Amino acid sequence: MKVYSSDDIVPPIVCISQEETSPTSCLFHPTTLLFSYKFSYFSSLTKAGWLLTIICFRVKKAMATNGENGRHQEVGHKSLLQSDALYQYILETSVYPREPEAMKELREITAKHPWNLMTTSADEGQFLNMLLKLINAKNTMEIGVFTGYSLLATAMALPDDGKILAMDINRDNYEIGLPVIEKAGLAHKIEFREGPALPVLDQMIEDGQYHGSYDFIFVDADKDNYLNYHKRLIDLVKIGGLIGYDNTLWNGSVVAPPDAPLRKYVRYYRDFVLELNKALAADPRIEICQLPVGDGITLCRRIS
Ligand SMILES: C[S@@+](CC[C@H](N)C(=O)[O-])C[C@H]1O[C@@H](n2cnc3c(N)ncnc32)[C@H](O)[C@@H]1O
């Protein structure tokens, strides 16, 4: 079993579009080459001036694609929508104005964290909160807490006697968000366990008293273990209950061509995500719904 250490976790959220439009990689983009060929034919620029023109052109294009104000860099920005402007519209029109004060505070605290790209996006937090209310969830589990944004979204949705078993290998990050959760009067709903989640799940299954006891389980941790989690969670979630697997579109890399310029960790985990998606689609014990919210979330409703 591969376990992340707190030092080697890489933020799993980087837009492919950002990589494609980064000033260096875009220099070799076919559009650039075609442009420079045409331009050299008609221009009398020196080689250096020529190169500079290409760089300026591509950088300007990159900025136009991502928004000159750099908003695509906003913490929690995870979107598979084609336009950053459209995603920003969703945030500004429907998400931020309705975001509870505590979630806003936690989002802003998390923004200062060096791994802030790992946080659940605000629109996904809003979605989870609504979903949990719709299914009247009371007993839930979360694997992968980080500073607790999705945990807080969950805690806010549960009734006062609701429970969340929250697991993460890193307590320090959880403790960054904990004061906000405490101030919101929600800490009593959370049982936090530090350490890898798999052994805890194994223990719960062995105990026997947790079978079919969870209304909702959110998985947002080590992607190479998602299938291992699924084998256990299918036993722990109740029939009619939901498991939500996060990052199932994995930065859009699930449809990237083999030679696409993917970052190393995106390429590494992509195969696990592809395998998971196939396995979920073929699993007769669940109904599934793949949603393009955030980095992709697959909801699995246990039916047998
Ligand atoms: C993407 S972050 C979770 C983001 C979180 N849901 C939020 O709303 O901010 C992934 C988390 O999974 C945790 N993690 C990685 N491997 C784990 C494991 N084997 N068991 C439990 N947690 C793990 C990491 O420490 C990290 O905090």
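Predicted model: local features only at pLDDT ≥ 70, side-chain atom pairs only at ≥ 80, totals over all residues.
A crossing of two helices is left-handed if the near helix is turned anticlockwise from the far one by less than a right angle, and right-handed if clockwise.

View 1. Residues are numbered from 1 along each chain as its sequence is written. The crossing of α6 and α9 is right-handed. The axes of α6 (residues 101-111) and α9 (residues 171-183), which are lines fitted to C-alpha atoms over the stretch in contact, come within 10 Å and cross at roughly 170°, so α6 runs roughly antiparallel to α9, a term for angles over 145 degrees between N-to-C directions, on a scale from 0 to 180.

**View 2. Residues joining α6 to α9.** A102, E105, L106 and I109 of α6 make the contact with I176, G177, V180 and K183 of α9, contact requiring C-beta atoms, placed from the backbone, within 7 Å.

**View 3. The shell around the ligand.** Of the 24 residues around the ligand, T120, G144, F146, S150 and A221 come nearest, where a residue is near if its C-beta atom, placed from the backbone, lies within 6 Å. The elements giving two or more residues to this shell are α8 (149-157) and β2 (163-168).

View 4. The chain averages a pLDDT of 82, and 74% of the residues score at least 70, whereas pLDDT stays under 50 over residues 1-71.

Terms used
Helix = DSSP H or I, 4+ residues; strand = E, 2+ residues; numbered from the N terminus. Parallel < 35°, antiparallel > 145°, perpendicular 65-115°, else oblique. Contact = placed C-beta atoms within 7 Å. pLDDT = per-residue confidence, 0-100.
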